[in-house]
Amino acid sequence: MEPTQKDFPIFEANQVLTSEHLNTIFTYLDEQERLTRAHLIGIGIVCGLQVKLGGTNADPIIHISKGCGVTSQGFQINVPDDLQLTHYRADYTIENQYETGSALDPFEQFQVPGSDPAVQVDLWELFEAGEEDNALPLGDTPGLLNNKAVLLFLELKQQGLRNCSPNNCDDKGSQVRATVKCLLIDTTH
């Protein structure tokens, strides 16, 4: 991860602040914090997040212990409780809402090498029992777990705040929701 924000605004008394001023300072500070994590603390597992396969061949359970880590982009991932993953949904797609090459663009890391146009590697999303209605039990697909690794992915989705009324538009703009996704990825790529 390399810094993209090389400058930041200096504010003066009685200055009118624009969204550009505030977003620039936020981006600079956010990037500095993530760079500190990624380069000074290091990326990967900080504590916990141990993965174990349990259950039976007919009803496998992927156990992930609670813990935290740092992504390759310097974001902190927290898993507050132990997870018992028993179900999956195929064809998880990374929705890239950010400019290609930006610090928040995750897609490049999940491209099939040499694919033109870019194609995403196969990913399977994992769930606990009852968490997702359309999920299938892990045991329903023989060999599903062969040559797979568990991946914790921090999904960042930008959502618009559009609750304007004729008298109030305090909710203009957007927010980014960060969600930890448990995925399976094929290790043969």
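These legends go with a set of close-up views of a predicted model. Local features are kept at pLDDT of at least 70 and side-chain atom pairs only at pLDDT 80 or more, while totals for chains, interfaces and linings use all residues. Numbering starts from 1 along each chain as its sequence is written, and side-chain values use heavy atoms, with hydrogens and water left out.

**View 1. The one aromatic pair of the structure.** Tyrosine 92 and phenylalanine 153 have ring centres 6.4 Å apart and planes at 70 degrees, so this pair is edge-to-face. (Rings of Phe, Tyr and Trp, the last by its six-membered ring, pair if their centres lie within 6.5 Å; planes under 30 degrees apart are stacked, over 60 edge-to-face, the rest tilted.) The partners are 61 residues apart: tyrosine 92 is in the loop between strand E6 (83-89) and strand E7 (123-128), phenylalanine 153 in strand E9 (residues 148-160). Helices (H or I, at least four residues) and strands (E, at least two) are DSSP runs numbered from the N terminus. Tyrosine 92 is buried at a relative accessible area of 8%, and phenylalanine 153 is buried at 8% as well. (Buried is under 20% relative accessible area, exposed over 50%, partly exposed in between, with a 1.4 Å probe and protein chains only.)

**View 2. The largest nonpolar core.** Here 17 residues come together, and Ile62, Ile64, Leu85 and Leu126 have the most contacts inside the core. (Such a core is a set of buried Ala, Val, Leu, Ile, Met, Phe, Trp, Tyr and Cys residues joined through side-chain atoms within 4.5 Å.) At least two residues each come from strand E3 (60-64), strand E5 (76-79), E6, E7, E9 and strand E10 (174-186). E6 gives the most, with three. Apart from this core lies another, of eight residues, including Tyr92 and Leu183.

**View 3. Around helix H1 (residues 19-41).** From first C-alpha to last, the 23 residues of H1 reach 31 Å, close to the expected 33 Å. (The expected span is 1.5 Å times one less than the number of residues.) Among its buried residues are Ile25, Tyr28 and Leu35. The cover over the buried residues of H1 includes strand E4 (67-70) and E5, with contact meaning heavy atoms within 4.5 Å. Just after H1, glycine 42 has a positive phi of about 110 degrees.

**View 4. The E2 and E3 hairpin.** Four residues sit between the two strands. Strand E2 (residues 51-55) runs antiparallel to E3, joined by five bridges. (Strands pair if DSSP finds at least two bridges between them.) Look for glycine 54 opposite isoleucine 61 in E3.
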